[in-house]
Amino acid sequence: MTSSSKTVLKILLTFLFVTAFSAQSHATTAALVTESNMAVSLGPYMDVLIDESGELNFDMVKRTENDDSSSSAEDDTARWNPVGAANIIGGFTDSVYWVRFTVENQLAQRVEWLLEVNYSLLDHIELYAPDDSGNYQKTVAGDKLPYDQRPIDYRNFLFPLETASQGRETYYLRFDSESSM
């Protein structure tokens, strides 16, 4: 192998290492709201945290960040990882899945939109959405709740949401099910 080939290989390996490291240490990019948006899969914009014990609550999950290498004291193995696909396939599991994603509204007006969870066999879903004061409001859904308690009468789970003009907001979802995830 020539000296030039070794240099190119070293640069390529360094690039791959830096790219892989930065993907693991930073949150996934925000989904953008623009004039041309219609239906968008949020999978590529989501991070997932698998809570094997099922004991993490929202405050613990919200504090769990990879960026500063911190983790909750209650579960040192809890880590956010990019989903990197259209959806998450969990199979049959006793674990609880947490998902987070950020939406950035680049428009000059507030945008109302719907979040659809298109797998109707999930037993328990909790959505944590930010309100105007910076606190999070919890909305509960799932096939263990009576159908008439859904926020919107629809075959899948729909959550009506709003994102402020020029706003950037992070949402969290908790999924728990006895059936396939």
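Modeller: A term first: two strands pair if DSSP finds at least two bridges between them. This is a predicted model, and the part I pick is strand 6, residues 124–130.

Start with confidence. Strand 6 has the highest confidence in the protein chain, at 95. Helix 1, residues 3–25, has the lowest, at a mean of 30. Over residues 1–26 the pLDDT is below 50, and this stretch has 8 contacts in the model beyond near neighbours in sequence. Residues 67–76 also stay under 50. Where pLDDT is low, the predicted coordinates should not be read in detail. The chain as a whole averages 76, with 71% of the residues at 70 or above.

Now the strand itself. Strand 6 is mostly covered, with 5 of its 7 residues buried. Strand 7, residues 136–141, pairs with strand 6 in the antiparallel sense over 6 bridges. P130 has Y136 of strand 7 as its bridge partner. The two strands form a hairpin with 5 residues between them. In that turn, G134 has a positive phi of about 90 degrees.

Strand 9, residues 168–176, is also antiparallel to strand 6, over 5 bridges. Here E126 stands opposite R174.

R174 counts as buried because its relative accessibility is 13%, and the cut-off for buried is under 20%. Beyond four places in sequence, R174 contacts H124, I125 and E126, among others. Its other contacts include G54, L56, V96, Y97 and W98.

Conventions
Residues numbered from 1 in each chain as written. Predicted model: local features only at pLDDT ≥ 70, side-chain atom pairs only at ≥ 80, totals over all residues. Heavy atoms only, no water. Buried < 20%, exposed > 50% of the residue type's maximum accessible area, 1.4 Å probe, protein only. Helix = DSSP H or I, 4+ residues; strand = E, 2+ residues; numbered from the N terminus. Contact = heavy atoms within 4.5 Å. pLDDT = per-residue confidence, 0-100.
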